[in-house]
Amino acid sequence: MKDTTLVRLIVFHCLLCLAGRLMAQQTGPGFPPTDSLRSVTLPPEIDRVLRDYEREWGAGNAEKLVSLFTPDGFVLQPRRPAIRGQANLKNAYSNSGGQPLFLRALSFAQGGDLGYIIGAYRAKADGPDIGKFILALRKGSDGRWLIAADMDNSVR
């Protein structure tokens with residue numbers, strides 16, 4: 001199976017998992033806020049992806065942020081076309097970040113060289129969740145986990 005096919009399968013699986021969670025996360029009568037979902041503890045090698053992302057986003061360092069992605073990585077944001085490949089990601093991130101970002105995992109799985117994290121993000125460590133995300137992960141040739149796809153959207 002080609003790597004791109006595997007990435008598509010893992011992203012599809014992530015979306016299916018997220019769909020069930022999103023049904024429980026909708027705000028309004030009968031739906032608790034995203035903040036009520038408990039965080040899970042990630043293995044250190046996977047947690048590193050979130051901590052590196054927070055650090056590089058907060059520093060506004062597009063080049064280092066993009067280095068967290070696979071060469072053919074995707075970013076899928078609301079109301080924007082899909083962005084693919086490190087050169088395009090660097091261009092997209094060049095005027096982003098520079099603000100505090102706090103990521104927390106709600107769910108994750110890993111198997112072999114593929115994995116995913118479903119999570120939420122905040123602007124303050126003790127603040128409310130302002131968005132949610134899915135990261136599809138793939139191990140690089142050096143054994144380090146990299147982001148194959150990043151999909152996020154606001155909870156507001």
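The side chains of R122 and D129 are joined by a polar contact of 2.6 Å, a polar contact being a pair of N or O atoms within 3.5 Å in which, within protein, one must be able to donate a hydrogen and the other to accept it, and residues adjacent in sequence count only if both atoms are side-chain atoms. The model is predicted: local features need pLDDT of at least 70, side-chain atom pairs count only at pLDDT 80 or more, and totals for chains, interfaces and linings use all residues. Residues are numbered from 1 along each chain as its sequence is written, and side-chain values use heavy atoms, with hydrogens and water left out.

- R122 is placed in strand β4; helices (H or I, at least four residues) and strands (E, at least two) are DSSP runs, numbered from the N terminus.
- With 16% relative accessibility, R122 counts as buried (buried means under 20% relative accessible area, exposed over 50%, partly exposed in between, with a 1.4 Å probe and protein chains only).
- The backbone oxygen of A125 is reached by the side chain of R122 at 3.4 Å.
- Leaving aside neighbours within four places in sequence, R122 is in contact with residues including D35, P100, F102, R104 and I130, where contact means heavy atoms within 4.5 Å.

**The sheet**

- Six strands form an open sheet, written as 6 strands in the order β2-β1-β6-β5-β4-β3, with mixed pairing; two strands pair if DSSP finds at least two bridges between them.
- Strands β2 and β3 (102–111) are the edge strands, each pairing on one side only.
- Strands β5 (residues 129–139) and β6 run antiparallel and are joined by 9 bridges, and R138 stands opposite L146 in β6.
- Strand β1 (residues 69–76) runs parallel to strand β6 (residues 145–154), with 4 bridges between them; V75 stands opposite D150 in β6.
- Strand β1 is also joined by 2 bridges to strand β2 (residues 83–84), and these two run antiparallel.
- F74 has R84 in β2 as its bridge partner.
- The hairpin of β1 and β2 has 6 residues between the strands, and R79 there takes a positive phi near 55°.

**Helices against the sheet**

- Helix α4 (residues 86–93) lies across β1, β2 and β6 and runs at about 50° to β1; axes are lines fitted to C-alpha atoms, for helices over the stretch in contact, and angles run from 0 to 180 degrees between N-to-C directions.

**Aromatic pairs**

- The whole structure contains 3 aromatic pairs according to a search; rings of Phe, Tyr and Trp (its six-membered ring) pair if their centres lie within 6.5 Å, and planes under 30 degrees apart count as stacked, over 60 as edge-to-face and the rest as tilted.
- The ring centres of Y53 and W57 are 6.5 Å apart and the planes lie at 10°, so this pair is stacked.
- Y53 and W57 are separated by about one helical turn because they are 4 residues apart in helix α2.
- Y53 is buried, with a relative accessible area of 9%, and W57 is buried at 18%.
- The ring centres of F69 and Y93 are 6.2 Å apart and the planes lie at 45°, so this pair is tilted.
- F69 lies in strand β1 and Y93 in helix α4, so the pair ties together parts 24 residues apart in sequence.
- F69 is buried, with a relative accessible area of 1%, and Y93 is buried at 4%.
- Y53, W57, F69 and Y93 are linked into a cluster by ring pairs.
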